[in-house]
Amino acid sequence: MRDVRPVLGAAAMAAVFALWHGGAFAQMNHQHASEAACEETVLRCASKVTPAFGPDGTLWLVWMAGGQISVASSKDDGKTFSVPVQVTRENLNLDWGPDARPKIAIDRKGRIALAFSIFRDKAFNGQVLTTQSNDGGKSFAPLRPITSNNESQRFAAIAFEPDGTVFAAWLDKRNRVPARQNGKPYDGAGLFFATSKDGGSTYSDAQLVADNTCECCRLGLALDGAGRPVIVFRNIFEGGVRDHAVVTFKDPALPGEVHRVSRDDWQIAACPHHGPSLSISPSGTYHVAWYTNGRARKGLFYARSTDGGKTFSNPLPIGEPNRSPSRPQVIAGPNGLMMVWKEFDGEKTEIKLMTSQDDGASWSTSRGIASTTDSSDHPLLVSDSRRVYLSWMTKADGYRFQPIEGEP
Amino acid sequence: MKRELLAAAFLLGTLSITAAAEDAELKPFERGSWQQIVHSHAGRPTLVHFWGVTCGPCKVELPQLGQFMKDHPGIDVVTISADLVPNLPDATRSMLQKAGLSPAENWMFSDGFADRLRFEIDPAWQGDIPRTMLIARSGAVTTIEGSAEMPELDKWAQGQAATTGSRQ
């Protein structure tokens, strides 16, 4: 474990800089260098917040703040929250990567499963930890690694299948070990999965979906109408091209064929830190939004598949290209599709929204629904049976949870 | 005020022992820093490298850039750690030192609003690292996304040296 926790590192760094710059920096807020507003474990100090609705309409949040993971719930659509329950007990070096965040899933019986990653050594090797609550979020079990393997793991995504099985997928570098032993290069990380039959307490042995996927981007995970997991991920195609791919499981333990979402031709040996978003509408249509900087196209794009991910529509550009559009999220809600993303004009980050009433065949013009003038988490969308909400953690304005009204 | 300075001095002492031994300085990259860098190197061929301690490809490339700096003393080498906060000064210095880049001009993102810092550098840059900008004597900028090919960098450096020759 690292001896300097992130928040302490940021504060110490600010102090050092203050000395270097003498008086000019003496007034500097020591939190200036941090993406969080404060250092406590409360929601206001969070850098990453992930929402999910329970079956009874309760809103659940899991967040990263003060070097800890905490959970709280709201019965009034985010107006007030329960007393937070701290899930982590010791000081862990939580994965603060731009695309990392704690994940939460709730099943029909109200069981809660969590997954998040930590940096477990000074080389920033990751480890995915899990826990669960069987008492409605009052308490969480001690943390357990999702796999016994010790190679780096990050970017877990979890979902409850209809029968109560927890499905988990993550990126895992274990296969670079045998490759190296054979003197072969190994690019990226493997996409692995496991399932839990006990609500997320113990997971099955990890199984490989695909080798050589991009190691530093979040996964897009959704269940189709039959409860089969579908994962969209940034793959590494032939020639080091980091374009997106999709896999639909034939059953929860059997990944199907990997198909390409689009040919952006982004050949890059780098960490884009910018993963895709996936949602599946009741019609079975896959909706994918992603970022690329490829030779074929650059920016944010949306495409849909009406044949279970085998083929996708022509990518539709999203956002104002000169406003650095980023972090797209798409959701199939009770009143159609909604998509949000960030735009930045040099001073202000704005969350833009567009909607579709015809399953993604056409989209509305975009409009701004929120903004902030300091750092912020990714904009996330979550829905209950009635409507869709924007969940957005901002440093300057705190946590925002707002219903998205209908058509602009 | 005195107490604050003492506290800061204590932190500096504990955090930058390595830095002191190597005389390495890690400058805070904030609003306006980019223009400062561009102005201070104007008219000199400059390689600016963006990287981060958690970036796998960066770990491979950084020592190659250390060698590049040794091979091309006529090129100004600037590194900017552009990982999203919290940046880790100890880890950053340690990796720079191991790569032989302590003598370079080293910066680290020190504003939590990294989007704004990136926007000043290149509005189209979404934060992928490594990334290298080659700023020619003429001010012409070539951006290399991802890991740079060292022969390509050598060729550019030699081209810049030739430019000097023609002007002399």
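1. A word on conventions. This is a predicted model, in which local features need pLDDT of at least 70 and side-chain atom pairs count only at pLDDT 80 or more, while totals for chains, interfaces and linings use all residues. Residues are numbered from 1 along each chain as its sequence is written, chains are lettered from A in the order in which they are written, and side-chain values use heavy atoms, without hydrogens and water.

2. Chain B has seven helices and six strands (DSSP runs: helices are H or I with at least four residues, strands E with at least two, numbered from the N terminus). Their order from the N terminus is α-α-β-α-β-α-β-α-β-α-β-β-α.

3. Of the 168 residues in chain B, 57% are buried (under 20% relative accessible area, 1.4 Å probe, protein chains only).

4. Do look at helix α4 of chain B, residues 56–71: a kink of about 25° lies at L62(B), shortly before P63(B) (the angle between axes fitted to the seven residues ending there and the seven starting there). L62(B) is also among the buried residues of α4(B), as are E61(B) and L65(B).

5. In chain A, four antiparallel strands form an open sheet, ordered β13-β14-β15-β16 (strands pair if DSSP finds at least two bridges between them). β13 (220–223) and β16 (254–260) of chain A each have a single partner strand, so one side of each lacks a neighbour in the sheet.

6. Antiparallel β15 (residues 244–251) and β16 of chain A are joined by five bridges. Across from V247(A) you will find V258(A) of β16(A).

Key: Buried means under 20% relative accessible area, exposed over 50%, partly exposed in between (1.4 Å probe, protein chains only).
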